[in-house]
Amino acid sequence: MANANPAFTDAEYQDRIAKTRAAMDQAGVDLILVTDPSNMAWLTGYDGWSFYVHQGVLLGPDGDPIWWGRGIDGNGALRTVFMSDDHIRGYEDSYVQNPLKHPMEDLSNLIREKGWDGKTLGVEMDNYYFSASCYTSLLKCGANKEIADITGMVNWQRAVKSATEIDYMRKAARIVEAMHATIREKAEPGLKKNELVAEIYSTAIKGVDGIWGDYPAIVPMAPSGLDATAPHLTWDDQPMKEGEATFFEIAGVYRRYHCPQSRTLFLGKPPQKYLDAEAAVADASAAALESAKPGNLCEDIANAFNATLAKHGFHKDNRCGYAIGLSYPPDWGERTMSFRAGDKTVLKPGMTFHFMPALWLDDGGIETTEPILITETGYERLCDTPAKLVIKG
């Protein structure tokens with residue numbers, strides 16, 4: 001039942017495992033349980049919508065990783081991971097959502113079977129998919145002498161993308177360009193918002209030029225008017241209105257690799273303050289991206305953006321970008337680097353970011369954002385979508 005269409009070569013997976021083991025040695029842990037589905041996929045290739053139950057990848061001191069999860073999802077692992085069948089372990093279904101027993105009991109038995117009991121186990125404590133009951137169950141089972149927090153360890157190994165990963169992100173970029181073209185074509189006063197979002201989804205999944213579309217880690221953000229003063233509202237069935245702004249924060253996705261991009265649509269003639277905000281964001285973005293080159297720091301981009309924005313009389317008190325790549329719900333960020341003051345991470349070729357210079361005004365919002373790649377000499381915009389306010393009417 002081997003995967004007939006693997007996303008990466010076995011050699012690339014082995015390189016990722018070697019990088020992770022080096023980080024484990026530095027952290028002083030003997031084995032790790034990876035429960036973030038993005039990290040699971042990056043280490044093994046596993047790709048399934050099974051993260052609503054407990055699952056993980058167990059990486060020990062040597063050998064290939066072990067996929068561990070619900071028994072009925074084992075066939076999904078057989079179809080997607082690079083490892084041999086004997087590296088797949090499924091637990092029986094009575095462990096699923098049963099308050100009387102916890103899947104971590106089975107994991108602890110697996111650790112003992114492998115002879116790894118008594119060793120230090122690293123777990124992703126601050127992760128959507130590792131619960132308090134996971135931790136307390138592991139403590140109760142007592143298979144390991146110590147349980148250490150390795151939150152972000154694997155995420156950081158993903159920071160610099162391989163040539164294949166960059167190719168996937170470029171394909172995702174073509175899809176999000178087509179999604180924004182759909183918005184420009186279809187949006188008009190009177191069109192119900194849910195109907196427009198349906199068109200966006202259709203383009204996203206159909207893909208473009210033979211590139212098929214995967215599902216996004218975040219649903220389209222598409223608030224209008226006063227709703228657009230908040231960054232994370234979605235859609236309803238209300239018709240689009242003349243004289244109202246709507247921002248669309250969406251992502252093209254290919255093989256789980258995301259290229260998010262935002263644009264703001266105004267139906268009718270925008271007021272001057274929107275044009276002023278657009279000009280301020282454009283000027284600040286240009287200044288910020290001059291700092292987007294190897295050797296500079298993440299905070300250099302944020303400091304340049306905020307200083308230039310302030311000259312225009314605007315203020316932004318949240319980050320203006322973050323690392324992106326391979327992701328599963330509920331977040332398309334990598335949860336590592338951010339463009340904000342104090343982030344001293346050194347930029348390196350192959351890093352990818354969502355540059356997010358959004359502004360939320362008193363009666364709406366402006367988002368003109370870019371997925372970017374750090375190159376050997378500077379940066380590359382992954383998308384060709386025009387970087388301006390979209391005005392219709």
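Ala, Val, Leu, Ile, Met, Phe, Trp, Tyr, Cys and Pro are counted as nonpolar, Asp, Glu, Lys and Arg as charged, and the others, Gly among them, as polar. The model is predicted: local features need pLDDT of at least 70, side-chain atom pairs count only at pLDDT 80 or more, and totals for chains, interfaces and linings use all residues. Residues are numbered from 1 along each chain as its sequence is written, and side-chain values use heavy atoms, without hydrogens and water.

Cavities were searched on a 1 Å grid over the protein atoms alone; a cavity is a set of points where a 1.4 Å probe fits but cannot get out, and lining residues have an atom within 4 Å of a point. Grid points are joined across faces, edges and corners, and a volume is the space filled by probe spheres set on the points. The search gave 2 cavities of 30 Å³ or more.

The largest cavity has a volume of about 50 Å³. Its lining consists of His-180, Ile-183, Arg-184, Phe-248, Arg-263, Thr-264, Leu-265 and Val-390. Helix 7 (163-186) and strand 8 (257-267) are the elements that give two or more residues to this lining; helices (H or I, at least four residues) and strands (E, at least two) are DSSP runs, numbered from the N terminus. The lining divides into 4 nonpolar, 2 polar and 2 charged residues.

The second largest cavity has a volume of about 40 Å³. Helix 8 (193-206) and strand 7 (244-254) each supply at least two of its lining residues. The lining has 9 nonpolar, no polar and no charged residues. Among them are Met-179, Tyr-201 and Pro-216.

Notes
On a 1 Å grid over the protein atoms alone, a cavity is a set of points where a 1.4 Å probe fits but cannot get out, and a pocket is an open set with protein on both sides within 12 Å along at least five of seven lines; lining residues have an atom within 4 Å of a point.
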